[in-house]
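Biologist: Hi! Could you walk me through this structure? I have a few quick things to ask.
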Amino acid sequence: MKTNTAGIKLIQSFESCKLKAYKAVATEKYYTIGWGHYGQDVSKDEEWTQEQADNQFEKDLVKYENYVNKYVDIKLNENQFSALVSFCYNCGQANLKKLVKDRNTEEIADAMPLYNKSGGKVYNGLVRRRKAEVALFNKSVADTYEVKTTARLNIRKGAGKKYAKVGLYEKNQTVEILSVSNSKLWGLTNKGWICLEYTKKI
């Protein structure tokens, strides 16, 4: 199973993308860069291009998907799977293993909000992320809907016209609609956000 677009949106909305290495929390052992890529392979003064960040995100996503496939031995739908990938992306494989061990889906959802601390301190950002992950985990797959585009659409970094264009999405592809911003309908591709009303029909 693969992470769906709702899961990718969730991860990227919380990770954001920073092209210079940083520490989100001063007590962290290693630095973070790109879409939340963290580890000993990131140096203090490292800088990336957007392409490097996007490529690493795709690699990291596969890694965390593999952890979910490895440790979860109960049947999941795509929203449950994607929520756990987001959880693992943020909390690591050890915490994922602990979360899902001997638990059913209801028990996993109940336990997820407990992982809201770093260094023993509760962080509002972690509280919000766990809440969003639980919401996706509990969301019926039937609640997700798709539309067909008939235009070439500008891909943007975020769900808003203010965000820079990063590419072009071709017509006649299926787009999952995930957000309404300023009365506009927004969807997410693996390269960024698109809007169905800001672009010219062809």
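This is a predicted model: local features need pLDDT of at least 70, side-chain atom pairs count only at pLDDT 80 or more; totals for chains, interfaces and linings use all residues.

Biologist: Where is R130 found?
Modeller: R130 is in helix α6, which covers residues 124-138.

Biologist: Is R130 buried or exposed?
Modeller: Buried: the relative accessibility of R130 is 1%, and the cut-off for buried is under 20%.

Biologist: And what does the side chain of R130 make a polar contact with?
Modeller: With the side chain of N90, at 2.8 Å.

Biologist: Switching topic: how many residues has the largest nonpolar core?
Modeller: That core has 41 residues, and V68, L84, L96, L99, V100 and M112 are the ones with the most contacts inside it. Among the elements that give two or more residues to this core are α2 (50-71), α3 (78-91), α4 (93-100) and α6. The top contributor is α3, with eight residues.

Biologist: What does L96 touch, again not counting residues up to four places away?
Modeller: Y67, V68, Y71, L84, F87 and C88.

Biologist: At what angle do α3 and α4 pack?
Modeller: About 135 degrees, and their axes are 7 Å apart. The two helices are therefore oblique to each other. From α3, the contact is made by L84, F87, C88 and C91, and from α4 by Q93, N95, L96, L99 and V100.

Biologist: How do the residues of that contact divide into nonpolar, polar and charged?
Modeller: Seven are nonpolar, two are polar and none is charged.

Key
Residues are numbered from 1 along each chain as its sequence is written. Side-chain values use heavy atoms; hydrogens and water are left out. Helices (H or I, at least four residues) and strands (E, at least two) are DSSP runs, numbered from the N terminus. Buried means under 20% relative accessible area, exposed over 50%, partly exposed in between (1.4 Å probe, protein chains only). A polar contact is a pair of N or O atoms within 3.5 Å; within protein, one must be able to donate a hydrogen and the other to accept it, and residues adjacent in sequence count only if both atoms are side-chain atoms. A nonpolar core is a set of buried Ala, Val, Leu, Ile, Met, Phe, Trp, Tyr and Cys residues joined through side-chain atoms within 4.5 Å. Contact means heavy atoms within 4.5 Å. Axes are lines fitted to C-alpha atoms, for helices over the stretch in contact, and angles run from 0 to 180 degrees between N-to-C directions. Angles under 35 degrees count as roughly parallel, over 145 as roughly antiparallel, 65 to 115 as roughly perpendicular and the rest as oblique. Ala, Val, Leu, Ile, Met, Phe, Trp, Tyr, Cys and Pro count as nonpolar, Asp, Glu, Lys and Arg as charged, and the others, Gly among them, as polar.
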